[in-house]
Amino acid sequence: MTKMVRQRLLGAAALTVALATGAVAQDKVVNVYNWSDYVDESVLQEFTKETGIKVVYDVFDNQDIVETKMLAGGSGYDVVVVTGPFLARQIAAGVYQPLDKSKLPNLSNMWPEVTSRVAEYDPGNQYGVDYMWGTTGIGYNVEKIKAIMPDAPVNSWDMVFKPEIVSKFKDCGVQFLDASEELIPAALKYLGKNPDSKNAADMEEAGKLLASVKPYVQKFHSSEYINALANGDICLAVGYSGDILQARNRAAEAKNGVTIQYVIPKEGANMWFDIMAIPKDAPNPDAAHAFINFMMKPDVIAKSSNYVAYANGNLASQKFIDPAILSDVSIYPDQETLANLFSTTPYDAKAQRVLTRVWTSVKTGM
Amino acid sequence: MAERRTRDVKPFLGKWALVAVPYLWSLLFFLAPFLIIFKISLSETAIAMPPYTPVIAGVSDLWTKLSDFTFDNYVFLTEDPLYYSAYLSSLRIALVSTVLLLIVGYPIAYGMARAPKSLRNALVMAVILPFWTSFLIRVYAWIGILKPEGLLTIALQGLGILGPNEQVHIYNTEIAVFIGIVYSYLPFMVLPLYAALEKLDATLLEAAADLGCPPTKSFWVITFPLSLPGVIAGCFLCFIPIVGEFVIPDLLGGSETLMIGKTLWAEFFNNRDWPVSSAVAVVLLIILVVPIVIFQNQQKKA
């Protein structure tokens, strides 16, 4: 079953569970809203076993939908996982409640390096706790790329942003994330500009670069590339690190002769943080704190990292993480790579309109 | 006197109660939401919950904040050719799809109406049956058929029409959107056509044949004009939702398939600009409602 259908069904199932458990005492449920394919589900069962709180787990693959739900209010979620710039804007809109840190003793396990970077979005770390973090880079099918272009510059954005190179891979399939806030900064970085630029002329120039390679891009989509890479339907994708690594694992499990590799391009890539926060109108704030505290237990978050192949912001968890993951520089980058990673800040309404307009014109030629 | 009055009032009330139900329904589920959307379309975006301003708290509040309302969002729609092109492209896709649906649907409905009576119910069932599977899953099935490594490529390669290294490149194009739309909306075209054709008096055609009218001519002179109400109902039932279609172009179309549903999505979700997206929706409604009203008025005159 394809991902989106599965998600809808999951969502429907979660809703049914939510309705069915409506009668249970209030504090015994926590409603969690997280990215799809982003947790080891046994962790959720452990949480219920330990605390007696039932987890109603709902998923998304598009943060814009999350933000719309949050801004409309009354979402009914207790814990929401959102990415940095989105969190910053939603905090400004008054969506979240400050964390009660006395209920979060496991905060001592967190990784100061990550916490301080998260503070750029959430000054003083008042509202959120990092769940996972990762990068946005390039995933490719090793055999197919090698067959088409033995000397392909796989460790560079040249792979996807240089028309004469990416055009070679058109027939075997290229997909980009349908996320303007990822592709425009990456293109800006490639052009040697500030990736966080909110300047309209800069964004338009990045748009021009993207438009020049658009003819070779089969689709802009934010989750389809996982299965497409794993099945060998496409051979090149710009995507989230962990998603591409999941594609790698799925291909390995299926033994279909497909080998997927993820690289952080040498020019630099976006480093993003997914952060757990509690909406102001959360029905069960105590359960929400208990859940966040539980997810900061070193062995618990390590289990999830081992499963989804994303790095987390928990320093104490690193001794429980599979050495193969911990030593993988595409997941836990070395200092040199880390220095090359950039982060982006929220777009205000005017810059957002330019960004979306540039993105629409990249995709439709309009 | 008193007795007579009650006798007069009662059936009068009963009639009104009956008529009031659909009006109340429209008021509650069409007019009220429309007014809310129209109101938002006159607002401005803000970083807040909800993300626009002004927010009206009550009727008295409405008058004090009236001056904050603005038609800027409608002006904005005329300034960027994107919206104009998206509306036009949606109307074009809907028009082409509706014509295709009519061409495909008419023979099916005709065949059903001409089938032996005992078979007809089974045939109607067959048309409705696909609805038992989720719409989303059926559209996904088309991805499996149309994608380059999909069933269509395999079938055509098997038949020797395509070479072993050739593939069908329909998925992510506008052709795939047309296939998806025609497939999904076919029952909405077939059923009204069937209802109209089934009522057709067969003796008229016999009479025409007796008087020497060839079958093709009697089709165009008798059958088609008499089925016209079904044709119109089917076309409206398909055309209107297709204009605003989002799911099919999103799943089967390429990135360059421009439709107003996708533009609306981008305004609402990517830009979080509820006012502009509401303005897009209001304009879309006007584009659809005005021709229908004109058409109905002309029907009444005729």
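Ala279(B) is buried, with 0% relative accessible area. The structure is a predicted model. Ala279(B) sits in helix 13 of chain B, which covers residues 274-301. Beyond its neighbours within four places in sequence, Ala279(B) is in contact with Ser41(B), Asn73(B), Tyr74(B), Leu77(B) and Tyr87(B). A spacing along the chain was also computed. Ile292(B) is 13 residues from Ala279(B), and the two C-alpha atoms are 20 Å apart.

Helix packing was examined in both chains. Two packed helices are described by the angle between their axes and the distance between the axes. In chain B, helix 4 (residues 81-114) and helix 10 (residues 215-243) have axes that come within 9 Å. Their crossing angle is roughly 135°. Helix 4 of chain B is therefore oblique to helix 10 of chain B.

Helix 4 of chain B contributes Ser90(B), Leu91(B), Ala94(B), Leu95(B), Ser97(B), Thr98(B), Leu101(B), Leu102(B), Tyr106(B) and Tyr110(B). They meet Phe219(B), Thr223(B), Phe224(B), Ser227(B), Val231(B), Cys235(B), Cys238(B), Phe239(B), Ile242(B) and Val243(B) in helix 10 of chain B. By residue class, the contact of helix 4 with helix 10 of chain B holds 15 nonpolar and 5 polar residues, and no charged ones.

The axes of helix 11 (residues 224-231) and helix 12 of chain A come within 8 Å. They cross at roughly 35°. This crossing of helix 11 and helix 12 of chain A is right-handed. On the side of helix 11 of chain A, the contact is made by Tyr225(A), Ile226(A), Asn227(A), Leu229(A) and Ala230(A). Helix 12 of chain A supplies Asp243(A), Ile244(A), Ala247(A), Arg250(A) and Ala251(A). The contact of helix 11 with helix 12 of chain A divides into 7 nonpolar, 1 polar and 2 charged residues.

Salt bridges were searched for over the whole structure. The search finds 21 of them over all chains. One of these joins Lys297(A) and Glu50(A), with an N to O distance of 2.8 Å. The pair links distant parts of chain A, 247 residues apart. Lys297(A) is in the loop between helix 13 (285-295) and helix 14 (298-308) of chain A, and Glu50(A) is in helix 2 (residues 41-51). Lys297(A) has 24% relative accessibility, so it counts as partly exposed.

Asp196(A) and Lys198(A) form another salt bridge, their closest N and O atoms being 2.6 Å apart. Asp196(A) is at 17% relative accessibility and therefore counts as buried. Lys198(A), at 26%, is partly exposed.

In a further salt bridge, the closest N and O atoms of Asp328(A) and Arg248(A) are 3.6 Å apart. This pair also links distant parts of the chain, 80 residues apart. Asp328(A) is in the loop between helix 15 (323-326) and helix 16 (335-340) of chain A, whereas Arg248(A) is in helix 12 (residues 241-254). Asp328(A) counts as buried because its relative accessibility is 17%. Arg248(A), at 27%, counts as partly exposed. Shared partners join Asp64(A), Glu67(A), Arg89(A) and Arg272(B) into one salt-bridge network.

Most residues other than glycine have a negative phi, and most peptide bonds are trans. The peptide bond from Met49(B) to Pro50(B) is cis, with omega near -15°. Pro50(B) is in the loop between strand 1 (44-45) and strand 2 (52-53) of chain B.

Ala309(A) is not a glycine, yet has a positive phi of about 65°. Ala309(A) lies in the loop between helix 14 and strand 10 (311-312) of chain A. With a relative accessible area of 3%, Ala309(A) is buried. Asn172(B), also not a glycine, has a positive phi of about 70°. Its place is the loop between helix 7 (151-158) and helix 8 (174-198) of chain B. Asn172(B) counts as buried, at 7% relative accessibility.

Conventions
Residues numbered from 1 in each chain as written. Chains lettered and ligands numbered in written order. Predicted model: local features only at pLDDT ≥ 70, side-chain atom pairs only at ≥ 80, totals over all residues. Heavy atoms only, no water. Salt bridge = Lys/Arg side-chain N within 4 Å of Asp/Glu carboxyl O. Helix = DSSP H or I, 4+ residues; strand = E, 2+ residues; numbered from the N terminus. Buried < 20%, exposed > 50% of the residue type's maximum accessible area, 1.4 Å probe, protein only. Axes fitted to C-alpha atoms, helices over the stretch in contact; angles between N-to-C directions. Parallel < 35°, antiparallel > 145°, perpendicular 65-115°, else oblique. Contact = heavy atoms within 4.5 Å. Nonpolar A, V, L, I, M, F, W, Y, C, P; charged D, E, K, R; others polar. Left-handed = near helix turned anticlockwise from the far one by under 90°.
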